[in-house]
Each structure stands twice: as C-alpha cells, then as structure tokens.
Amino acid sequence: MTTDVQVKIFPQFINGEWTPPASGEFFDVINPATSEVVAKVSKGNQEDVNKAVQNAKEVFESGVWSEKTQAERAQIMLQFAGKIREHAQEIIFLEGISTGATLRKLGGADIRQLILSLTQTADLSLKYEAVTALPVNEQLGPNRSLLVREPLGVVAAITPFNFPLVLAMWKIAPAIAMGNSIIIKPASNTPLGTLKLAQLAVEAGIPPGVINVITGPGAEVGDALVTHPDVSKVAFTGSTEVGRKIMAQAAGTVKKVTLELGGKAPAIVLPDVDLEVAIPGILLGVFFHSGQVCEASTRLIVHESIYDIVVQQLVETTKKIKLGQPLDMTTGMGPVISESQMNKILDYIQSGIDEGARLVSGGKRATGPGLDNGYFIEPTIFADVTNDMKIAREEIFGPVLCVIKYSTEKEAIDIANDTEYGLSGGVWGRDVTKANEIATKINAGTVWINDWHIFRTDAPFGGYKQSGLGREQGAQVFDDYTELKNICTSLTTENAQRPALGLIF
C-alpha cells in the first residue's frame with residue numbers, strides 16, 4: 001500500500017452533512033512517517049459547537065433514534081458494522097497516513113475492534129434491563145416503583161491521537177445503543193478516520209445528527225463541548241492533566257464524565273517465568289504502536305534471580321523489531337505521532353541517563369532509508385531503574401521500557417503500586433494461582449496474566465486513582481449513558497391506607 005496521497009480538504013460532519021467551519025479556516029494533517037501534509041481539516045470553534053449541539057438535540061428530541069426500540073437500534077448498529085467491513089481498506093489508509101500506525105495494527109486489531117465494539121455492544125444492549133419493577137411496598141401505603149433507564153440526550157466524546165477510531169467507537173457504540181446523540185471531537189493530528197466513520201453511520205441507516213464530528217483545537221472545540229449546557233455527558237480519553245481540567249469544567253453544569261486517563265503500568269516478572277512466552281509478550285506490551293498506549297507495560301519489575309538474563313533477552317529480542325514505513329506489511333514499529341512528541345520522548349530518555357539508569361538498547365532518533373523524514377525513535381530499554389526516577393514515575397507515551405529489580409514479593413507489589421496511576425498492570429509467571437494472587441494486590445482497573453493488550457468488548461476497561469473515572473466497554477457501560485428514573489405509583493385510592501397524609505392532616 002502506497003503513502004502517495006493527494007491533499008484532500010475535509011469539512012466537519014454535522015447533521016449528516018459535510019459542513020465547512022464557521023471560521024472558514026482549515027489546518028494541516030501531517031503524516032508522521034514522512035512529515036508531509038496529507039489533508040486539511042476544518043478549524044472548528046464555538047459557533048460550530050453550538051450548531052452541532054442544537055442539531056443533535058433536535059434529532060434526539062424528535063425521537064427518530066431515541067424512541068426506537070433497543071432491538072431496532074441494535075439491528076442498525078449491525079448494518080453500521082457491515083459498512084465498516086465494506087470500507088475497511090479506505091479506513092485503514094486514512095488512519096495509516098495520519099496516525100503512523102502499522103498495517104499490522106490497523107488491519108489486525110483496529111478494524112476488528114471497531115466491528116466487535118458495535119456488534120457485541122448491540123448484543124449486550126438487547127439483554128440490558130431498561131425497566132426494572134420493584135416489589136410492592138406497603139410501608140407508606142401500597143405502591144409500586146418502576147426503575148427506568150432513559151437516554152441522556154446529547155453526549156460529547158473527546159478522543160486522543162493513538163487509537164482515534166477504536167476509542168471513538170468505545171464511546172459511540174454504548175451512546176447510540178441507549179438512544180443518545182453524540183458529538184465527537186477527535187485529536188487534531190488524527191481526525192480523518194473518525195470523519196469517515198460518521199459518514200458511514202448515516203449510510204448504514206443511523207439518522208443524520210445522531211453521530212457528528214467537529215475538528216479543531218481542544219482549547220476551543222473541546223472546552224466549548226465540555227461547558228455547553230445542552231451536553232449531558234463527556235467521555236474523554238487522554239492525559240491525566242487534561243482529564244483534571246475537563247472534570248473541573250464539567251462541574252459548572254454538573255454533567256456526567258467518563259475519564260480514561262494516563263498510566264504507568266507495572267508488570268511483575270516472577271522467578272518461575274517462562275521466558276520464551278514472557279520476553280516477546282513484554283516487548284509487545286511496551287513497544288506496540290511505538291509505546292503510544294496508555295496501558296503499556298512501561299515498568300518491568302523483575303526478580304533479582306533472573307534479572308540479568310531477562311535484560312539480556314529483552315535487548316536481543318528487541319533487535320528483531322523492524323522500524324519502517326507503517327504501510328509496509330513487514331514493519332513492526334512505526335513513528336511517534338509528531339515532532340514535538342518525539343522531542344519530548346528524547347528528553348525523557350536523556351533524563352533517564354542523567355539520573356543514572358543504564359541505557360542498554362536504543363535511546364536515539366532512528367535514521368536510515370525510509371526513516372529520515374519521519375518521527376522514528378529506536379525501541380529503548382533502561383536497566384537499573386529505580387522507582388523514584390522521572391522515567392519510572394511519569395507517563396512518557398513512547399517506546400521506553402524501565403526495568404526495575406526486586407527481591408521479595410512484597411517489594412514487587414509495593415513498587416507496582418507506588419504510582420499515581422492505576423490503569424493497568426500484569427504478572428508473568430508459570431504458577432497461575434500465584435500470579436492471580438498477586439494480581440488481586442495490584443491497584444489497577446485491568447490486570448493481565450501472561451499476556452498484554454487483551455481488550456474484551458464484553459469486559460469493562462478503566463482506571464484506579466488518577467487513571468480515571470468510570471469504565472468503557474462491557475454491559476456496565478450502559479448505566480453511564482442513561483439516567484435512572486423512579487416512577488412510583490400509588491396502588492390505593494383510600495386515604496386511610498396512606499399514612500403519609502397524617503404528617504400534615
């Protein structure tokens with residue numbers, strides 16, 4: 001697949017139509033593998049947000065989607081999944097030229113996740129109890145209560161650059177399954193696939209205005225969505241710093257928030273580990289998508305008895321990872337998203353060297369044929385890291401692994417939990433019973449045993465501590481996209497049977 005592309009202009013997608021920005025301004029989308037401009041997209045503002053919210057609200061209140069049955073909505077969601085299958089190659093191309101993601105990632109993981117999120121969320125929604133009847137209560141007079149789950153209305157989703165489509169769909173699928181309208185603000189670096197997704201939704205039969213996309217700077221479009229009084233919920237994936245800001249902004253209108261934020265995931269390697277299984281799995285955990293993954297296993301906590309051999313094998317196996325152009329099927333690792341992100345990662349690497357960590361692999365900008373014009377960083381491994389170092393405490397969001405030594409099980413668990421984050425964690429070891437015991441002591445929303453990056457669409461994902469609030473995926477997510485109403489009906493017409501009347505009469 002070639003990276004040659006004619007620069008195309010992408011308006012916003014509002015109410016089922018390609019809509020130029022109110023400002024008339026567009027900005028460049030850069031291919032991080034070549035530093036070339038591959039598209040121009042709308043620079044949205046408050047006026048665009050107001051228009052999108054108004055349209056989304058009108059569509060919601062019309063009932064054209066919100067009043068369909070769950071079965072009707074689920075059927076159209078399956079049609080949406082079919083459209084994604086039909087247009088998979090175009091989606092992959094748009095994502096590839098803007099995100100720097102490899103073909104292996106896009107074709108082998110992202111498209112599959114998009115389809116599974118839609119199909120399994122649709123299936124789960126059919127089993128979701130939107131109405132629950134409580135038993136008759138006689139204490140305040142005979143009465144019956146129905147607990148009713150109702151859609152929120154207009155939902156906003158703000159997505160990051162690393163998995164723009166997958167993380168958008170994690171928000172789209174439950175939102176529309178419950179009957180809401182949604183407005184998505186994708187990261188400025190990577191909006192192309194999300195715009196295409198919204199277009200395909202309309203083609204699949206989802207009414208115009210149910211799924212909308214506004215592109216533009218977070219400081220303007222994102223803030224306008226978060227503070228808009230007609231937006232009932234914000235679902236955000238991104239940094240903890242921005243998550244804190246969104247949480248504070250949302251408080252002004254007391255709206256619901258789901259925040260999936262940063263991570264600094266620990267992976268504990270037990271003395272009985274099977275290194276043939278663990279070594280490639282550990283490297284997948286940290287170098288997949290060039291380390292630009294919030295739940296990446298960036299802190300490897302290894303028992304002292306096997307520490308040296310683990311470091312040696314990590315270095316040797318890392319040499320087999322091929323850096324290259326993302327749309328080359330032989331490439332195992334592509335570029336990071338931008339020049340500024342590349343420089344930030346290189347600064348972190350220098351800080352590791354300055355603080356005394358031992359650089360055993362990588363550590364530099366990658367150069368050579370096919371790499372010189374892109375933002376490539378060598379897969380980097382530090383040994384002799386201590387948990388108080390900057391590289392062990394802060395989220396680098398790049399291909400950097402910190403290897404930390406431990407002596408006792410308690411020490412390993414203490415190191416694992418000594419972080420402000422709690423998104424994910426893992427354990428590597430042959431004794432699965434022991435690994436499960438340790439997993440229960442790791443303070444994280446997801447803990448993997450002898451694997452990494454396994455995302456079940458029927459299981460919840462989210463973080464402890466400063467890694468976020470709420471969960472995405474799984475049946476539990478529907479509660480976050482609905483309001484709970486209690487409809488209480490008196491079952492008597494006899495005043496004598498209503499003891500509450502005695503409070504004032």
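# A tour of surface contacts

Select leucine 503 to begin, which counts as exposed because its relative accessibility is 74%, where buried means under 20% relative accessible area, exposed over 50% and partly exposed in between, computed with a 1.4 Å probe and protein chains only. The model is predicted, so local features need pLDDT of at least 70 and side-chain atom pairs count only at pLDDT 80 or more, whereas totals for chains, interfaces and linings use all residues. Residues are numbered from 1 along each chain as its sequence is written, and side-chain values use heavy atoms, with hydrogens and water left out.

Leucine 503 sits in the segment after β21 (482-490); helices (H or I, at least four residues) and strands (E, at least two) are DSSP runs, numbered from the N terminus.

Turn next to the charged pairs. A salt bridge is a side-chain nitrogen of Lys or Arg within 4 Å of a carboxyl oxygen of Asp or Glu, and by this rule the count comes to 24.

Select aspartate 384 and arginine 358, whose side chains meet in a salt bridge at 2.8 Å, N to O. Because aspartate 384 lies in the loop between β16 (380-383) and α12 (390-393) while arginine 358 belongs to strand β15 (residues 358-361), the pair ties together parts that are 26 residues apart in sequence. Aspartate 384 counts as partly exposed at 35% relative accessibility, and arginine 358 is also partly exposed, at 37%.

Move on to helix α14 (residues 432-439), where lysine 434 and glutamate 437 lie 3 residues apart, about one turn of the helix. Their salt bridge has its closest N and O atoms 3.6 Å apart; lysine 434 is partly exposed with a relative accessible area of 28%, and glutamate 437 is partly exposed with 35%.

Finish at aspartate 458 and arginine 456, which form a salt bridge of 2.7 Å, N to O. Here aspartate 458 is partly exposed at a relative accessible area of 34%, whereas arginine 456 counts as exposed at 52%.
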